[in-house]
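Biologist: Hi! Could you walk me through the charged pairs in this one?
Modeller: Happy to, let's look together.

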Amino acid sequence: MVLEATMICVDNSEWMRNGDYSPSRFQVQADAVSLVCGAKTQSNPENTVGILTMAGKGVRVLATPTSDLGKILSCMHGLEMGGEMNLAAGILIAQLALKHRQNKNQQQRIIVFAGSPIKHEKKALEIIGKKLKKNSVALDIVDFGEEEDGKPEKLEALLASVNNNDASHIVHVPPSQNALSDVLISTPVFTGDGEGGSGFAATTAAAAAGGVSDFDFGVDPNIDPELALALRVSMEEERARQEAAAKKAAEEASSQEKGEDAQPQSDSQNATSTATEKVSDPMDEDDLLKEALALSMNIPGSDSSAGDAQMSEASNDDQELALALQMSMQDGSKESSAPSDVSKVLGDQSFMSSIISSLPGVDPNDPNVKNLLASLPGQSESQQKKDEDEKPKDEK
Amino acid sequence: MDVIKTQQISSRPIEKVIVHPLVLLSIVDNYNRDAKDTRKRVAKDTRKRVVGVLLGTSFKGTVDVTNSYAVPFEEDEKDSSIWFLDHNYHESMFSMFKRINAKEHVVGWYSTGPKLRENDLDIHRLFHNYVPNPIMVIIDVQPKELGIPTKAYYDVEEFKENGTQKSQKFFVHVPSEIAAHEVEEIRMPFDEI
């Protein structure tokens, strides 16, 4: 939520009549401009945005930096195309306009839409860039439209001379089906603002486009970064678990048959709640194991020391059990592997019943123990079902 | 805007410009506050200048300038085509002035010069949006010789007869004088400015 004063330099030259971006370059530029304005004003109410045109009879300031979105949008309306773009003059005048911003605390930023060929020399652009850098003005360049030899290099040189701590960005947008604004949303031009601004931008674009999204899981990382991150993490955990599952395939063959029947119900809820489950799962399974151990020892309130004592005792009896218990005792750092192993331990019903029977003082027929056993497989079986699904796919 | 319509109906070529002392005083004051102390890194002639809007009335070829205010103005010292005048500021300011005195409308703009500059014609073109026949007055804030410190111009378009070249605009000088209403008659010793 940076406090910023932005000047947008619009290219309204003859080159904007071209229709290689549908409906026309000028239209997509206008859409992108209104999107940027909205994003900026939304991310911080004190942000101001101004617009100037670079072509036509000459550089003309349509709106000086203001936070009135309506005024800015009305300026874009009824613009005429013509003439040639004067990039240098446009940027310098934008810088003068920013100099006169009312709130001196605002950061200065210029966004340039460069759609026509650039007639300035690289050297001249670099001098301009240095001037902007001296006045601590950040510059964002949107390179679209006309593709000319040397244009990207010139713009990159300009960016390099302005850039200060990565505050400035450049985006090259080739002609394509996607609207310019859709492409811009995923770029630092928008995401540089922070979550709020891009959220606005993303919702309006989603409403407009409604079609294919380029993001995984169908979730725009800009709208809901936490959800996107959680989904990504759960995918990685799932992959890790599947690798471990492949190793223990033979051992679980018997328990899987039992697991399958109780499967379909928990499968659907598992798919949707994977994200939330992932966070709570390691905790739950560790806690449940501790509870089981405590129950077996008739000690109220499980104690890790009791668990440890139990472990040492159990290790003598059953090496596999000891291994499983060791893994479950490991904390945070191996969260991804722990639940997989613990779940494997808990999922193996025959294994579980053998543990319970081997532990002194536990009656397998005890209703509490039975309930506990019933609840545990419910979680782990769902994971086994997924393992099963993945395995046939892998075999293919 | 009906103001412009009435002006167009009675639009005669401007013959005389009358500047009131209040205008001179506020412009000089503005200059002293804003631009006087800019270091003379560049040649004396091109020191930073103050630009503003002139308000007044126009009647039968005579323009009566009664009020003025400065506007944020920036220009590049080296490249005269790079300049910025905050016209949003001007529009807001003018709408406020209109509330106290509806008779006053925009008649043109002023510059502290001291001489005409290359981008003056471009700035003048901007004022054509607000008034059909704007005047441009150069106020000499540090006059060396006796005489009135104002020089007034308006622009004229000259069309080449064979029509091949684009029409050019020229500034044409117009006689100006300082006059005041009775209440404004305060002494203005020019050598003290």
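Biologist: Is A:Glu238 buried or exposed?
Modeller: A:Glu238 has a relative accessibility of 7%, so it counts as buried. Buried means under 20% relative accessible area, exposed over 50%, and partly exposed in between (1.4 Å probe, protein chains only). Bear in mind that this is a predicted model: local features need pLDDT of at least 70, side-chain atom pairs count only at pLDDT 80 or more, while totals for chains, interfaces and linings use all residues. Residues are numbered from 1 along each chain as its sequence is written, chains are lettered from A and ligands numbered from 1 in the order in which they are written, and side-chain values use heavy atoms, leaving out hydrogens and water.

Biologist: Which side chain does A:Glu238 meet in a salt bridge?
Modeller: That is A:Arg241, at 2.4 Å from N to O. A salt bridge here is a side-chain nitrogen of Lys or Arg within 4 Å of a carboxyl oxygen of Asp or Glu. A:Arg241 is buried too, at 3% relative accessibility.

Biologist: And where do A:Arg241 and A:Glu238 lie?
Modeller: Both are in helix 9 (residues 225–247) of chain A, 3 residues apart, which is about one turn of the helix. Helices (H or I, at least four residues) and strands (E, at least two) are DSSP runs, numbered from the N terminus.

Biologist: Why do such side chains pair at all?
Modeller: Side chains of opposite charge can pair when their charged atoms come close.

Biologist: Okay, how many salt bridges does the structure hold over all chains?
Modeller: There are 18. One of them joins A:Lys40 and A:Glu4, at 3.0 Å from N to O. A:Lys40 lies in helix 1 (residues 25–43) of chain A and A:Glu4 in strand 1 (residues 4–10) of chain A, so this pair ties together parts 36 residues apart in sequence. A:Lys40 and A:Glu4 are both buried.

Biologist: New topic: how many residues of chain B are in contact with chain A?
Modeller: 12 residues of chain B are in contact with 13 residues of chain A, where contact means heavy atoms within 4.5 Å.

Biologist: And what about salt bridges between chain B and chain A?
Modeller: The count is 2. A:Lys99 forms a salt bridge with B:Glu74, with the closest N and O atoms 3.4 Å apart.

Biologist: Which elements of chain B give two or more residues to that side?
Modeller: They are strand 4 (73–75), strand 5 (83–85) and helix 3 (87–100) of chain B. Strand 4 of chain B gives the most, with 3 residues.
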